[in-house]
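Dear colleague,

I am passing the structure on to you below, together with some notes on what turned up in it. Please read the notes with the model open beside them.

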Amino acid sequence: MNKRLLLVKDSSEVEELAAKISQIGGCVVDQSDSNPEAKALAESASYDVVLTGVGGTLNEKLSFLEASNGHRRSRVIVLGAEPSPGDVTAAIRRGAFSYFTAPFQSTCFQEIVTRALETPDPVAPIQLLSALPNWIIMQFAAEHVAIERVLQFLREFHADLPPALRDNLMMACREVLLNAAEHGCGFDPAKYIQVVYARTKRLLLYQVRDPGPGFAPQSMTHAAISNPAGDPIRHLEVREQQGLRPGGFGILVAEKIMDEMLYNEKGNEALLIKYL
Amino acid sequence: MPTQPTAPVKIENSPGSKEGVNVLKVIGPLTIYNFFDFQDFTRKDKSPILIIDLGEVPYMDSAALGCLLGVHVSCEKNQRKYAVVNLPERLQTMFSMAGVSEYLTTYPSVADAESALA
């Protein structure tokens with residue numbers, strides 16, 4: 001059965017997004033010109049995903065999260081005109097699926113919309129344990145949808161950074177979060193990962209904690225960080241011998257992006273630091 | 001391995017303009033969630049020259065990079081040629097950070113790779 005998506009097309013940026021969305025297969029798209037008009041539509045029909053308009057108030061946009069007329073809740077992707085960490089934290093707290101500020105990065109956008117359409121209801125919540133713009137703590141299930149959502153929310157907290165730096169930081173965070181989910185939690189959605197993002201005038205800090213047994217970085221012969229100089233793919237042989245999937249570059253890449261990266265004694269908690 | 005829904009990756013397989021060349025065009029993020037599709041394609045491919053077009057891969061993760069290097073290792077073992085083409089800047093950055101830029105055979109375009117390898 002086709003999924004249904006409601007799109008509030010109230011700006012030229014959203015026009016471009018609409019074209020991207022039309023490329024997603026198996027999805028019927030209804031359009032509206034404003035949030036209030038869309039709200040009326042959402043009350044008369046059941047939508048899997050609602051993309052709010054760029055304009056209007058945050059409350060207006062988050063009101064799509066309220067189930068109405070017995071319909072199940074839609075996954076709501078909030079669009080904003082300008083970066084607003086306060087709006088992002090409010091959206092997380094209220095259970096929005098994701099948040100994007102213009103200009104929209106089409107790749108991430110298409111990815112999140114696809115995931116919102118595919119994710120069965122109810123969506124596991126991202127718990128916001130601290131919502132200060134310079135000290136965010138999120139806790140979430142060790143599943144890929146949650147990781148992609150957390151990465152997009154984090155991306156929004158970095159909206160003022162140069163795009164290349166932001167992309168690299170998210171690349172590092174992705175690798176560390178995936179390690180936590182895979183090795184620390186076995187992708188078990190009953191297990192939780194906690195990420196702290198703190199920002200001072202001079203640095204960005206990320207702390208990722210999982211409930212797993214941890215690891216000893218010096219014993220990671222199956223990871224690229226253990227390769228001898230001049231042989232950056234030696235670990236691939238080790239991985240093949242051990243029957244592991246391809247990979248093993250995550251920690252190395254994250255270390256290259258960050259200025260400092262350390263682990264706690266147990267090895268189930270990583271601290272990533274980038275100086276500004 | 002994650003069992004939840006996967007982000008889509010589209011793989012278009014077509015013959016190159018020269019004999020013995022097969023072109024795999026990958027579209028979409030290539031990640032731990034979907035790299036097996038790509039791995040299947042590359043393992044089944046027996047053409048003498050395999051060209052992998054990553055121009056429409058906005059990002060990949062460590063697992064996908066490992067898979068790509070698996071193609072490199074396999075081609076070296078079996079004395080087949082391969083090339084990775086149309087690399088977006090973000091992937092070039094990742095390859096550089098992983099220290100594998102020099103290992104992978106890369107060309108700016110499919111045409112360049114065909115001219116050099118076929």
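How many residues of domain 1 of chain A are in contact with domain 2 of chain A? Before the answer, please note that this is a predicted model, in which local features need pLDDT of at least 70 and side-chain atom pairs count only at pLDDT 80 or more, while totals for chains, interfaces and linings use all residues. Residues are numbered from 1 along each chain as its sequence is written, and chains are lettered from A and ligands numbered from 1 in the order in which they are written.

The domains of chain A are domain 1 (1-122) and domain 2 (124-276), with bounds that come from an automatic or database domain assignment. In answer to the question, 17 residues of domain 1 of chain A are in contact with 16 residues of domain 2 of chain A, where contact means that the C-beta atoms of two residues, placed from the backbone, lie within 7 Å. On the domain 1 side, helix 4 (85-94) of chain A gives the most, with six residues; helices (H or I, at least four residues) and strands (E, at least two) are DSSP runs, numbered from the N terminus.

Domain 2 of chain A spans 124-276, and an open sheet of six strands in chain A has the order 6-7-8-9-11-10 with antiparallel pairing, two strands being paired if DSSP finds at least two bridges between them. Strand 6 (127-132) and strand 10 (260-263) of chain A are at the edges, each with a single partner strand, so one side of each has no neighbour in the sheet. Strand 6 of chain A pairs with strand 7 (residues 135-141) of chain A over five bridges in the antiparallel sense, and Gln127(A) stands opposite Gln139(A) in strand 7 of chain A.

Turning to the helices, helix 7 of chain A and helix 9 of chain A pack at an angle of about 145 degrees with their axes 9 Å apart; the axes are lines fitted to C-alpha atoms, for helices over the stretch in contact, and angles run from 0 to 180 degrees between N-to-C directions. Among the residues that meet here are Leu169(A) and Ala172(A) in helix 7 of chain A and Val253(A) and Ala254(A) in helix 9 of chain A.

Finally, the contact between the chains takes 30 residues from chain A and 26 residues from chain B. The largest share of the chain A side, six residues, comes from helix 7 of chain A.

With best wishes
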